[in-house]
Amino acid sequence: MQNPKNVQNAVSVIVSALSVMSAQTGQTGHAPRPRVGVVCGTGLGGLADAMNEPVALPYGQIPGFPQSTVASHEGRFLFGRIGDVEVVLQQGRCHLYEGYAPEDVCMGVRVMAALGVEVLVITNAAGALNPRWDAGDLMLITDHVNFTGRSPLTGPNHDAWGPRFPDMSAPYDAALGRIAMEEAARLGVRLERGVYVGVPGPQMETPAETRMYRQLGADAVGMSTVLEVIAARHMGLRVLGISCLTNKNLPDCMKEAPLEEVIRVANEAGDKLTRLVAAVVERV
Ligand code: HPA
């Protein structure tokens, strides 16, 4: 579904909360105008430290904004600058597997777009299906398979947001991807390129499902991102997606990937992901 009234309501609350806060802290008194939005997946929390003059707004202060029930996810927007670029971080997202609807999952992206964001950087933790890769590697998402069976665009189309049948021939922006590859090389960070398949979860994959996703052409599997990217493209945002591969997911040698392990690897790889995203944002 598309929920323009809820999004507009959230945006009004955010804009007035920010102007009150910036007036209180003696800043310009103008609400920040972020140009880049970053959805922080597991492990990207460190990006907050790269921000200048951050202002936090917990989701709890925004009426109708869905709260993540996942312990490893914070729940707030953070407004500030990385270098000279005005940025908003979405720290914590909600997922289909928590029982949320697609419009809840996409609320953060839609709110950021309505605040004026033009570029979306979306990150996640994912299992590596490509056998050449290791846990801890990063992957530039070049394309995706929406295997959730859901879309955030069903129901009446809100024409002011985007077209009824949005194009998905190039969901991930090639120019942003080139910048990411260049910055990764400069920083000495290994960055693979591949296709992400988004699944509903919350159960992890069976060996047969893992084999099938690989045969469908996917290099990594995870439980987020695809719906948010559809909503972002619908609203005309340029998208850069990066997965942190937290575990190997190979059909002939399946191993358990407990949440603690996923979080541990994501946090370990988080440092290079943070440096990469900060470097890319400065060039947007
Ligand atoms: N499968 C699905 N989601 C994930 C995985 C996985 O192996 N690892 C991290 N998120």
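**How do we know? A chat about this model**

Guide: Let's start with one spot: M139 stands opposite S243 in β9. Keep in mind that the model is predicted.

Visitor: What makes β6 and β9 count as a pair?

Guide: Two strands pair if there are at least two bridges between them. Three bridges join β6 to β9, residues 238-248, so the pair passes the cut-off of at least two. These two strands run antiparallel.

Visitor: How do you know that β6 and β7 are paired?

Guide: Eight bridges link β6 (residues 138-146) with β7 (residues 191-198), and the rule asks for at least two, so they pair. This time the strands run parallel. As an example, I141 has G194 in β7 as its bridge partner.

Visitor: Why is α3 called mostly covered?

Guide: A residue is buried if its relative accessible area is under 20%. Seven of the eight residues of α3 (107-114) are buried, so each of those seven falls under 20%. Among them are M107, V109 and R110. Just after α3, by the way, G116 takes a positive phi of about 110 degrees.

Visitor: What makes a residue part of the lining of the largest pocket?

Guide: Lining residues have an atom within 4 Å of a pocket point. The largest pocket holds about 480 Å³ of space.

Conventions: Residues are numbered from 1 along each chain as its sequence is written. This is a predicted model: local features need pLDDT of at least 70, side-chain atom pairs count only at pLDDT 80 or more; totals for chains, interfaces and linings use all residues. Side-chain values use heavy atoms; hydrogens and water are left out. Helices (H or I, at least four residues) and strands (E, at least two) are DSSP runs, numbered from the N terminus. Buried means under 20% relative accessible area, exposed over 50%, partly exposed in between (1.4 Å probe, protein chains only). On a 1 Å grid over the protein atoms alone, a cavity is a set of points where a 1.4 Å probe fits but cannot get out, and a pocket is an open set with protein on both sides within 12 Å along at least five of seven lines; lining residues have an atom within 4 Å of a point. Grid points are joined across faces, edges and corners, and a volume is the space filled by probe spheres set on the points.
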